[in-house]
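Here is a walk through one protein structure, from the whole down to single residues. Please look at the sequence and the model before reading on.

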Amino acid sequence: MENLPKITHYSRKDFHSDSQFWTMTRDAEGILYFGNNDGVVIYDGERWHKVFLPNNSSVRSLTTSKSGEVYAGGYNEIGKISKDSIGNYRYLSLLEDLKLQKEKLENLWQVHEFKDHIIFRSFDQLIVISGKTVTHISSNTAFTFSDVIQDRYYVQDAGHGIFEFDPDKMKLNLLYDPESYDNDEIKAFLPTGKKDILIVSKQGNIYEGKVKSKELHLKQRIFNEDFQDQVISAIKHKENYLLGTLASKIILLTSEGEIIKESPAFADIHDSSVLQLYADGDNFWALLNNGLDFIEFDAPFSQLFSEASIYDILIDEDKILVATNKGVFTSDLMVDGIHKFSFNFKKVLNLEGQAWSIQKVNNSIFVGHDKGLFLLEDGNPLKIGNVDGFWKITPIKDAPEKYLASNYNGLYLLTKTEGKWALQNKLKGFDESTRDIIQADQEDTYWVCHGFKGVYKLKINKDYTRVYAFDHYTNQNGLDSPFNINVTRWNNDIVFTTNTGIFEFDEESNEFVPHVDLNKILDSRINTRKLLQDNDRVWVVQDDQVGYFNLKEENPRIIKDLFLNLKGSLNRGMESIQPLPNGKVLIGATTGLYLYNINRINKKETSTSITHVSYIQQNSGEKKIPIISKEKVILPPRIDILRFEFASPGSSPSSIVQYQYLLKGIDENWSTWDESAYKEYTHLRPGDYIFKVRSRDILGNTGEEVSFPLSITSPWYRTTTAYLVYCMGLIGLSLLLIYFIKLKIERERQKAKDSAQKNAKLLELEIEQLKLEKDKAKINRDKKILEEDNLLKSKELANYTMMLVKKKDVFTETYENLQDFKKTLKTQSAKKRLQEVLVRLNQHRIGEEFMVVFDTNFEKVHKNFFTELKKINPTLTQRELRLCAFVKMNLTNKEIAPLLNISVRGVETARYRVRKKLNVQDINFLTFLEDISKAFPEDTKL
């Protein structure tokens with residue numbers, strides 16, 4: 001199975017120009033130039049540009065010289081296309097330099113470079129440009145076609161023959177007289193590989209010519225009475241010839257002379273009129289009457305089917321079948337004349353709707369469908385049983401005539417008896433969806449993964465009538481989460497792919513443990529959804545992206561770049577990957593079916609170019625910056641937006657191109673790869689910067705790194721003159737400040753004298769105050785005695801409280817240890833006896849009677865504490881009052897939790913609610929509670 005060519009179409013919405021194209025060329029950088037009725041359309045790999053001729057004529061001739069100059073010809077116009085300093089493309093007329101202003105050139109239909117000459121062809125003459133010298137060679141009737149083949153220049157003069165141009169003598173020599181080719185209108189001179197030529201006429205006649213002997217004979221005819229058309233253009237493609245026609249797209253002429261009029265390779269050309277063909281390595285461009293097509297033969301992938309979302313793929317001998325959201329489609333594998341496979345998918349009738357799987361089981365093809373389980377016989381579906389909603393079929397080991405049918409709501413037994421299939425009983429005891437199922441190594445044991453509920457391990461009885469036991473694993477036994485778990489086989493081991501790595505199940509510990517070998521290759525931080533082993537090549541789906549790695553490599557690495565176009569378009573959880581021989585693989589996606597050839601990845605050099613640099617300042621429009629400069633570009637200060645635009649002209653026009661950039665002076669590391677072909681920076685500070693950018697395509701071809709140095713100048717207030725003014729102003733300000741400081745010192749001295757007089761009077765008052773303080777000291781000593789007594793009672797209460805905390809901790813720890821011990825018990829009788837112990841133990845938990853004792857003693861120590869809290873908010877519950885008491889005793893949340901029979905998190909929530917009722921902040925809560933007691937000194941009198 002080989003790829004058909006990938007055809008990329010460009011329409012008016014892409015190039016925004018007239019849709020009729022006549023000619024094209026490519027420069028050394030890889031930039032493409034197209035001639036059409038509006039002028040020259042240019043494609044740099046990312047953006048389309050237009051260049052108009054002075055008289056707005058169409059452009060029929062384009063070529064690139066060895067020196068890299070692009071020549072263009074229109075009506076009475078000869079000139080060059082070039083790029084100016086800011087990256088804009090311009091047309092430079094050569095009429096004045098060549099002294100052709102007064103010449104009537106008419107339409108210039110073709111242009112070629114030949115032995116250091118540029119030769120433009122019109123009907124009336126050949127204009128041979130050698131430097132600034134022009135030679136005119138007139139036609140006898142009309143020059144209708146010309147080309148350079150194998151270092152020879154040929155031109156047809158209507159009614160007079162085919163001539164060869166002699167550049168030394170600047171004249172034409174007759175090669176073939178018109179009778180030798182029936183005076184046909186020539187549309188192509190093509191090489192034959194023997195320094196002879198093949199001549200193709202508009203009438204579809206192929207002539208083979210000898211150059212040295214000047215012999216010419218008819219080789220074959222393309223058209224006949226049953227097939228009439230006109231040849232407009234032709235090129236040699238590898239060993240074959242391609243003929244562009246007026247109404248039949250492209251005709252293939254093989255090297256053996258076979259004519260293929262409707263090759264599947266060109267069935268998707270977007271217009272029947274092919275005005276010009278342009279060879280581009282192994283690929284070529286078709287210039288159409290309505291748009292452009294790029295036909296890519298060396299593309300590593302092609303789309304085979306695009307009518308539905310693919311969920312499963314089956315290759316059955318010379319047929320291919322796909323299960324989709326619109327039913328089942330099938331196609332024969334057909335071979336055309338250039339030995340490429342083509343496809344013609346047709347829908348299988350009466351299977352409309354969601355099809356999940358398509359499998360060949362025991363020489364029968366089954367379809368798992370939303371409507372039920374179907375058997376395909378001679379392309380016709382036959383429903384097995386009357387149950388809807390089946391995912392797939394799983395063979396039962398050592399039971400060749402029995403299968404498990406995975407249903408939305410459990411499992412069914414499928415049997416084949418005397419050549420007839422029958423859907424038997426549903427297995428009782430398990431009603432979950434069983435899409436992801438695999439038979440375990442133990443007899444009659446199966447693993448089932450549910451996308452949201454985790455993993456089930458099923459035990460099925462011998463006659464497959466019921467699931468008599470199952471274990472359910474979620475976020476326990478080594479698993480971090482029950483979501484996105486899939487099961488598959490790896491080297492005959494059962495492995496589980498999860499959001500946090502690859503696991504296998506250890507029977508001895510009854511836990512899922514990391515799979516060491518796979519986790520070395522697959523990043524455990526990324527969700528792995530599919531793992532498919534194909535000999536030494538392993539296919540994976542990670543983070544919604546397809547990739548593969550090779551086990552033969554010492555340090556296997558995952559290759560993903562080739563499949564970038566599929567990222568985000570896979571059917572999650574039901575990714576379909578079908579490896580094929582010789583490095584090929586079929587991949588199904590929401591956008592259709594794709595065929596990839598990883599052996600066709602040919603690394604090549606690509607380029608990266610900065611196409612435009614511009615900036616915007618406040619209250620001013622966009623200003624372009626020269627991009628062709630040997631020196632650093634100097635920019636003004638206060639730039640609001642600095643914008644860089646870039647492209648990768650050397651990359652394939654059909655390829656996804658990504659860019660990575662870095663602004664030295666701002667960024668420390670390269671950016672992530674991104675498809676955006678521009679980067680903007682805002683409000684850059686003055687300084688020196690270097691902008692760097694590089695590119696890559698989906699094949700991993702990396703374009704060369706390019707740099708753009710620039711410098712942003714400082715504003716006037718940051719210049720040397722401004723800093724000098726700042727220094728002078730600072731000196732003046734310092735002198736003025738010294739003067740005011742001295743004045744302030746004198747004022748402070750006067751204030752000190754006045755203060756001394758006031759202090760003398762205050763001394764007398766202080767003596768009186770000392771007497772009062774002696775009396776107050778006596779009162780404080782009495783109060784201290786009472787406080788010490790109260791402190792003693794508080795310690796006793798605290799000791800009682802901590803005793804309760806420790807007792808609850810011991811009880812809880814013992815209870816939980818017994819619960820864990822219960823899980824390890826193997827027999828039901830032991831579990832039951834231990835459960836009875838747990839029940840009795842639970843009956844002796846610390847109850848309300850202990851908390852009542854606490855309340856009574858606390859009230860003795862802190863009288864009126866609960867009463868005053870109730871006054872503040874009567875809605876406070878007994879539990880909330882106790883919480884306030886515990887907080888006042890400076891207990892931690894961890895110590896409070898067991899006393900209130902709630903979690904630490906619950907304590908935090910309870911504290912928040914109490915503070916909200918008391919209208920107090922968390923940082924002031926303890927202070928608030930202490931202040932309540934301080935407000936009633938009589939509380940300490942017991």
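The model is predicted. Its secondary structure consists of 65 strands and 10 helices.

How much of the protein is buried? Of the 942 residues, buried ones make up 47%. Among contacts with a separation of 6 or more, 49% are between residues 24 or more positions apart.

The charged side chains come next. The protein has 131 negative and 126 positive side chains. The centres of these two sets lie 8 Å apart.

Two lysines can be looked at together. Lys 195 has a phi near 65 degrees, which is a positive value in a residue other than glycine. Its place is the loop between β18 (186-191) and β19 (197-201). Lys 195 counts as exposed because its relative accessibility is 65%, and the cut-off for exposed is over 50%. Lys 214 also has a positive phi, near 60 degrees, and is likewise a residue other than glycine. This lysine lies in the loop that runs between β20 (205-209) and β21 (216-221). With a relative accessibility of 46%, Lys 214 counts as partly exposed, since that class lies between the limits of 20% and 50%.

Ala 355 is found in β36, which covers residues 355-361. Is Ala 355 buried or exposed? Its relative accessibility is 0%, so Ala 355 counts as buried; the cut-off for buried is under 20%. Which residues does Ala 355 touch, leaving out those up to four places away in sequence? They are Tyr 311, Ala 323, Thr 324, Gly 327, Val 328, Val 367, Gly 368 and His 369. Ser 130 is elsewhere: from Ala 355 to Ser 130 the C-alpha atoms are 69 Å apart in space, and the two residues are 225 apart in sequence.

Terms used:
Residues are numbered from 1 along each chain as its sequence is written. This is a predicted model: local features need pLDDT of at least 70, side-chain atom pairs count only at pLDDT 80 or more; totals for chains, interfaces and linings use all residues. Side-chain values use heavy atoms; hydrogens and water are left out. Helices (H or I, at least four residues) and strands (E, at least two) are DSSP runs, numbered from the N terminus. Buried means under 20% relative accessible area, exposed over 50%, partly exposed in between (1.4 Å probe, protein chains only). Contact means heavy atoms within 4.5 Å. Lys and Arg count as positive and Asp and Glu as negative; His and the chain ends are not counted. The place of a charge is taken as NZ of Lys, CZ of Arg, CG of Asp or CD of Glu.
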